Protein chains: 2
Amino acid sequence: MENSGACQGLTRPIRCIVKLGGAAITCKNELEKINEENLGTVSSQLRQAMSSGPDSQKILGMDWSKRPGESELCCDVGGFYDQISCDSSNFVVVHGAGSFGHFQASKSGVHKGGLDKSLVKAGFVATRISVTTLNLEIVRALAAAGIPSVGMSPFSCGWLTSERNLESADLSMVVKAIESGFVPVLHGDAVLDSQLVNVFGVYDRPPSEPEAVLLREIAVTEEGSWSVVKPNYGSTNKPVEITVAAHDTTGGMVTKIAEAAMIAKLGIDVYIVKAATSHSQRALSGEIRRGSIPDDWLGTVIKFAGKPAQH
Amino acid sequence: MENSGACQGLTRPIRCIVKLGGAAITCKNELEKINEENLGTVSSQLRQAMSSGPDSQKILGMDWSKRPGESELCCDVGGFYDQISCDSSNFVVVHGAGSFGHFQASKSGVHKGGLDKSLVKAGFVATRISVTTLNLEIVRALAAAGIPSVGMSPFSCGWLTSERNLESADLSMVVKAIESGFVPVLHGDAVLDSQLVNVFGVYDRPPSEPEAVLLREIAVTEEGSWSVVKPNYGSTNKPVEITVAAHDTTGGMVTKIAEAAMIAKLGIDVYIVKAATSHSQRALSGEIRRGSIPDDWLGTVIKFAGKPAQH
């Protein structure tokens, strides 16, 4: 997740971009329900990863708002005076929508476009309310764990999607937030994200099939082609056929690898790992980056392989 | 509230910018509590003002998210098919913070700056969570009333405050939202706003004083100076002394008039009126704009007076 300078305007490189899968932080089988346990675990793991100081430092929450059913606000202001400012900057959190937004998007067909139609316009408004609610809950959970999180919406940041591809991305406010020591929390597209599942990493076929093999390391060439390094499929170095069967009708997994490969090409290692597990913690701690991938670690690492040999 | 073209990039002028005072839409005496009744009334009034079609058209809500305590999402999708797309565009809603954000801001002194301090940084995060919660609730109330509202945060839109003045305001996303037929809902500054009270308009002294007189019409010259037209203070045309006593230590009301005067100079009439009353409804209906101010209407109108006479 090291960045060699892809994001212009930053005086220091981004240390880590963490994507929280929608399926991991929300309840799959109940609409608009947060998976509080997973979200709490993820927030603690992130806080530990960001903290450079000793772990014994007291966690001071930054969500001072009321909880439903409570009438008092509370905050431990005194604790901040003797705390060394935790420089948790240069992290970015991106999250999916999971069980938020999906109902509204599919009811209205908003992902097909056509804002001149009443229903599509209403669906856009309803979808945005739903994903903004999720974004705010994630920001609150991270803040409660002591992370200076600031929610940012793709729409109000100047992100436009045209034919479902990211057309323009004005990252200047994201950069400003990072420079000021905050952790931007951005949400993804409700429609595209809703298909994805909560698994250990990238598999060579639908993970529900018994023969599915977890791809543990993928190398990306300068041209953007990629091959599986681990498990070793022999010296042919031929790309593994990824079976995009019924579970992946929209091409979600292939798109995901292609996007990860684009990031890896910039020199930024990409980890695809199940959230709120010991595997995500080990990835965040830097352990996986430092050496070869341990056998007991489950996940997929996508790395830049450097220039290919001349033919 | 007519605009003669101040907002560049818009193909049609903005019809109306409505500022909802924080004190009107939240409960003054309870932290982080919405005044649901007022907010509901305001939303209905706005919906009526935006609607160009007959009032008999069925209101179709655009907030399809769960309410606290409910387990089902609901939306009447069928109704949208036979509805003429309500072109409620070219409205902008701005709201104050009221009882949201104030606790967090004052606890941390975030309005004094100093983001390098742990406490101030935490206060910024906590304040933003609180005002974002309010913004989302207002967006939901407007959407439920059938207004295609889209929340936008000053921070993520590229608004920066430097020494408490608006330094830069990138309105391009606001313009894009309006052009697409949405109603942007922006929130103001939690700190500056928290001092203001919920009154009928601008008075010549603290409204709690028995001699306080409601200023009903203020005229602004091209140089930005302003004078009270109604009530008529005699032919001297001398600006009324506004007593900025204890209730207004931060200069909130003087700043408010100065800001309104800047807007009026652009040819946009400014109405300062108590929310969720018949007076706000009459202002929104256009009745006050069409003729002279009726005696039974309570509020303050700030208008451009044109070029002053040459001396």
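1. In this predicted model, A276(B) sits in the loop between β11 and α9 of chain B. Although A276(B) is not a glycine, its phi is positive, at about 60°. For context, most residues other than glycine have a negative phi, and most peptide bonds are trans.

2. Helix α9 of chain B spans residues 278–285, and its buried residues are H279(B), S280(B), R282(B), A283(B) and L284(B). These buried residues pack against four elements of chain B: β1 (16–20), α2 (36–50), β11 (270–272) and α10 (287–290). Just after α9(B), G286(B) adopts a positive phi of about 95°.

3. Just after α6(B) comes G181(B), with a positive phi of about 90°.

4. E32(A), a residue other than glycine, has a positive phi near 50°. E32(A) belongs to the loop between α1 (22–25) and α2 (36–50) of chain A. E32(A) counts as buried because its relative accessibility is 11%, under the 20% limit.

5. In chain A, the bond from K230(A) to P231(A) is cis, with omega near 0°, and P231(A) lies in the loop between β10 (226–230) and α8 (252–265). In chain B, K230(B) and P231(B) are joined by a cis peptide bond with omega about 0°; P231(B) is placed in the loop between β10 (226–230) and α8 (252–265) of that chain.

6. How are the two chains related? The same surface serves both copies, as 100% of the contact residues of chain B recur in chain A.

7. Chain A contains 10 helices and 12 strands. Of its 311 residues, 51% are buried. Among the contacts in chain A with a separation of 6 or more, 68% are between residues 24 or more positions apart.

8. The largest nonpolar core holds 104 residues, of which L46(A), W64(A), F91(A), L46(B), W64(B) and F91(B) touch the most other members. Helix α5 (residues 118–144) of chain A gives the most to this core, namely 14 residues. Leaving aside residues up to four places away in sequence, L46(B) touches V18(B), F91(B), V93(B), L142(B), I147(B) and L284(B).

9. F100(B) is located in the loop between β2 (91–95) and α4 (102–108) of chain B. F100(B) is buried, because its relative accessible area is 3%, under the 20% limit. The C-alpha atoms of F100(B) and K28(B) are 9.7 Å apart, although 72 residues separate the two along the chain.

10. The whole structure has seven cavities of 30 Å³ or more. The largest share of the lining, seven residues, comes from α5(A). By class, the lining comprises 11 nonpolar, 14 polar and two charged residues.

Key: Residues are numbered from 1 along each chain as its sequence is written. Chains are lettered from A and ligands numbered from 1 in the order in which they are written. This is a predicted model: local features need pLDDT of at least 70, side-chain atom pairs count only at pLDDT 80 or more; totals for chains, interfaces and linings use all residues. Side-chain values use heavy atoms; hydrogens and water are left out. Contact means heavy atoms within 4.5 Å. A nonpolar core is a set of buried Ala, Val, Leu, Ile, Met, Phe, Trp, Tyr and Cys residues joined through side-chain atoms within 4.5 Å. Buried means under 20% relative accessible area, exposed over 50%, partly exposed in between (1.4 Å probe, protein chains only). Helices (H or I, at least four residues) and strands (E, at least two) are DSSP runs, numbered from the N terminus. On a 1 Å grid over the protein atoms alone, a cavity is a set of points where a 1.4 Å probe fits but cannot get out, and a pocket is an open set with protein on both sides within 12 Å along at least five of seven lines; lining residues have an atom within 4 Å of a point. Grid points are joined across faces, edges and corners, and a volume is the space filled by probe spheres set on the points. Ala, Val, Leu, Ile, Met, Phe, Trp, Tyr, Cys and Pro count as nonpolar, Asp, Glu, Lys and Arg as charged, and the others, Gly among them, as polar.
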